[in-house]
Structures are given as C-alpha cells and as structure tokens.
Amino acid sequence: FLLFILLIALLSSIKIRRVFRHKRLVRLLEQNPIAISPYHQFNKELRKLSRQVPVVSGAWSLDGEKAYFRELDQSLRWYLARELVLPVFERRPWEIARDLTRGWGKRLNKRDVIVTLTEIEKAASTNKRMTVDDAQQILELARTLGDRIHKAKEA
C-alpha cells in the first residue's frame, strides 16, 4: 500500500513539475515577443550568424568561435521554444527530443533534433579549433532542422 502511495506521489510530482515548466516557458515567451513568425525570426538570426563566419579559418579567434556556436545554440533553442512551445532552455538534447515526441509523435524526427543540438553543443564546448566549413555545415544542419519543423507544423 505504501509503495502504491509513493508511486502516485511520484507521478503527480512529475506532472506538477511539467505544468510549472510549461507556465514558466509561456511567461518567458511573453516577455520576449517577436514581430515576425518564429520561422522567419530564426532564418533572420541564421543569416546574421552566417555573416559572422570569416572567409579564412585563421581569421577566427577561439573566443569568436565559441561565441558563434553559443549564439547558434540559443537561436535554435528560441526557435524550438517559440515554434513548438517546448521548454528547451537548460535541457539536454534527449530531454527535448522526449518532449518533442510526446507532443508531436511521428510528424517530427527526434533524431534530427538530437543530432543537431548535440553537434552544436560539441562545437561550443570543445577546445579543438573548428574550421569555417565545420561552422557552415553546422549552420546548415540547424537551418535544415528549422525547415523540417516548419514543414511538419504546416502539414
């Protein structure tokens, strides 16, 4: 009987935590409104980021690289939060993918989300220098994910 009560308490605490996380996200989205659609805002931010990538790899400082990938990560997370209304800040890629499949099912491929967010996190946290080609490929990976999410939401 005690085990049953403990199980009910655990399940209800998980549900309550999800509700509070969702309310916190809605408040955050209300505090940071945008004038255009989330998809168009995301593409605008990606265009701005693509102009930050230098033509020659040697012209890029390590701090500049890290800032670039952190900004790319934030742009993608804001897009996911606004477009899908998912709590994505300060969460691991697999947690985001789990919530994504819970709300979107088969319409979106959670593997794409995990791969994209993981690649961006690896690029931002590694001490190894990234090439310009790496930065452009990761940017295109994020853009492709944004396109797929936009198309899935339109369908």
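R107 is partly exposed, because its relative accessible area is 48%, and partly exposed means between the limits for buried (under 20%) and exposed (over 50%), found with a 1.4 Å probe on protein chains only. R107 sits in the loop between α4 and α5. Its C-alpha atom is separated by 8.7 Å from that of A155, 48 residues apart along the chain.

The model is predicted, so local features need pLDDT of at least 70 and side-chain atom pairs count only at pLDDT 80 or more, while totals for chains, interfaces and linings use all residues. Residues are numbered from 1 along each chain as its sequence is written, and side-chain values use heavy atoms, with hydrogens and water left out.

**The chain as a whole**

The chain holds 6 helices and 0 strands, in the order α-α-α-α-α-α along the sequence. Helices (H or I, at least four residues) and strands (E, at least two) are DSSP runs, numbered from the N terminus. The C-alpha atoms fill a box of roughly 65 × 35 × 30 Å along the principal axes. Of the 155 residues, 37% count as buried. Among contacts (heavy atoms within 4.5 Å) with a separation of 6 or more, 70% are between residues 24 or more positions apart.

**Two helices**

The expected span of a helix is 1.5 Å times one less than its number of residues.

| Helix | Residues | End-to-end C-alpha distance | Expected span |
|---|---|---|---|
| α1 | 30 residues | 43 Å | 44 Å |

In α1, the buried residues are R21, L25 and L29. An α-helix has 3.6 residues a turn, so residues three or four places apart point the same way. In α6, the buried residues are V132, A135, I138, L139, A142, R143, L145, G146, I149 and A152. What covers them includes α2, α3 and α5.

**The nonpolar core**

A nonpolar core is a set of buried Ala, Val, Leu, Ile, Met, Phe, Trp, Tyr and Cys residues joined through side-chain atoms within 4.5 Å. The largest one has 35 residues, of which Y68, F69, L72 and L80 touch the most other members. Two or more residues come from each of α1, α2 (38–52), α3 (62–84), α4, α5 (110–125) and α6 (132–154), and α3 gives the most, with 9 residues. Leaving aside neighbours within four places in sequence, F69 is in contact with I120, A123, A124, M130, A135 and I138.

I96 lies in helix α4 and counts as buried because its relative accessibility is 2%. With neighbours within four places in sequence left aside, I96 is in contact with R77, L86, V88, R91, V113 and L117. The C-alpha atoms of I96 and R77 are separated by 9.8 Å, with the two residues 19 apart along the chain.

**The largest pocket**

On a 1 Å grid over the protein atoms alone, a pocket is an open set of points where a 1.4 Å probe fits, with protein on both sides within 12 Å along at least five of seven lines; lining residues have an atom within 4 Å of a point. The largest pocket has about 230 Å³ of space, a volume being the space filled by probe spheres set on the points. Its lining consists of K15, R18, V19, R21, H22, V85, L86, P87, D99 and R102. The elements giving two or more residues to this lining are α1 (2–31) and α4 (93–104), and α1 gives the most, with 5 residues.
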